[in-house]
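Biologist: I have a sequence and a structure to look at. Can we go through them together, one question at a time?

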Amino acid sequence: MELDVAVAKVGKYAVSESGDTMEMIERPHGGLSFVLVDGQRSGKGAKAISNLVSRKAVSLLADGVRDGAAARAAHDYLYTLHSGKVSATLDIVSVDLVTRTIVLSRNSHCAPFIATRAGLRALGQPSQPVGIYARTKPIITELALEAGLTIVVYTDGLPSAGERKGQPLGPQLPDMVRELTVYGDVDAPTVADALLAAALAADDNRPGDDISILVLAVIAHQGDDARRLAVRVPIPPLPPPRL
């Protein structure tokens, strides 16, 4: 088996910086963890919040702290620093090669999708964001690491795309994800790009919120044993000189 992972994200239209942060870290005993944080509101303030939460979670995961404890510590840090007045959603997806499982730790109202050849389900159990309530805990889901498993995690800009026209994408998402993951061979970048393209089309290419999509697929091993990571990030042009 091997992992096929892709992330696609865009910022809110006409806002200089995305309030979403996505980080990846290698686990000390083998495996990878992916941390997705959506800071309250959007822009630079939201980015500062999401950076703070993601850095705390990533640093603890790198030290071998378990996912649930890392999520609670990130919450406690944000709650203490801002006195319960600032929130963020936090998703941690970990591939643990010791237990041969995938662990999802969720403090988000966006229900991740779990797809197998048998069908699709959403993890819709209610979950609180970090930073607001004193005793917040993550919702933990553990899945066996097996070929054919695909996980789709996203921030709320995806289901809310199209709201300005009264046609939010949310109700269509299960069918879209099912079509992309259950009925054929899964390619993580293709799934992430297709969902992002649908969101942008729903918003007329002017996203009403930050959108981030993480797709993790477990597929049959292909080729050699090298690890590879590809990243594409557009570089904005420099502002014109001031005269």
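Biologist: What radius of gyration would a compact globule with 243 residues have, and what does the protein have?

Modeller: This is a predicted model, where local features need pLDDT of at least 70, side-chain atom pairs count only at pLDDT 80 or more, and totals for chains, interfaces and linings use all residues. Residues are numbered from 1 along each chain as its sequence is written, and side-chain values use heavy atoms, with hydrogens and water left out. The radius is taken over C-alpha atoms, and the globule rule is 2.2 Å times the number of residues to the power 0.38. The rule gives a value near 18 Å for 243 residues, and the protein agrees with 18 Å.

Biologist: How many helices and strands does the protein have?

Modeller: Both are DSSP runs numbered from the N terminus: helices are H or I with at least four residues, strands E with at least two. Along the sequence the pattern reads β-β-β-α-α-β-β-β-β-β-β-α-α-β. That makes four helices and 10 strands.

Biologist: What percentage of the residues in the protein is buried?

Modeller: Buried means under 20% relative accessible area, exposed means over 50%, and partly exposed lies in between (1.4 Å probe, protein chains only). Buried residues account for 47% of the 243.

Biologist: Which residues does T141 contact, leaving aside neighbours within four places in sequence?

Modeller: T141 sits in strand β8. T141 counts as buried because its relative accessible area is 17%. Contact means heavy atoms within 4.5 Å. Beyond its sequence neighbours, T141 contacts I102, V103, L104 and L123.

Biologist: Is K137 buried or exposed?

Modeller: K137 lies in the loop between β7 (119-122) and β8. Not counting residues up to four places away, it touches R72 and N107. Its relative accessibility is 57%, so K137 counts as exposed.

Biologist: How far apart in space are K137 and E163?

Modeller: The two are 26 residues apart in sequence. From C-alpha to C-alpha, K137 and E163 are separated by 30 Å.

Biologist: And how far apart in space are D193 and F113?

Modeller: D193 belongs to helix α4. D193 is partly exposed, with a relative accessible area of 48%. D193 and F113 are 80 residues apart in sequence. Their C-alpha to C-alpha distance is 16 Å.

Biologist: What is the phi of A14?

Modeller: Most residues other than glycine have a negative phi. A14 is in the loop between β1 (2-10) and β2 (20-26) and is exposed at 73% relative accessible area. A14 is not a glycine, yet its phi is positive, at about 65 degrees.

Biologist: Where is D204, which has a positive phi although it is not a glycine?

Modeller: The phi of D204 is about 55 degrees. Its place is the loop between α4 (188-202) and β10 (211-219).

Biologist: Which residues lie nearest the centre of the second largest pocket?

Modeller: On a 1 Å grid over the protein atoms alone, a pocket is an open set of points where a 1.4 Å probe fits, with protein on both sides within 12 Å along at least five of seven lines; lining residues have an atom within 4 Å of a point. The lining has 16 residues, and α2 (67-82), β5 (101-107) and β8 (139-144) each give two or more of them. Nearest the centre are R27, R66, D67, D96 and V103.
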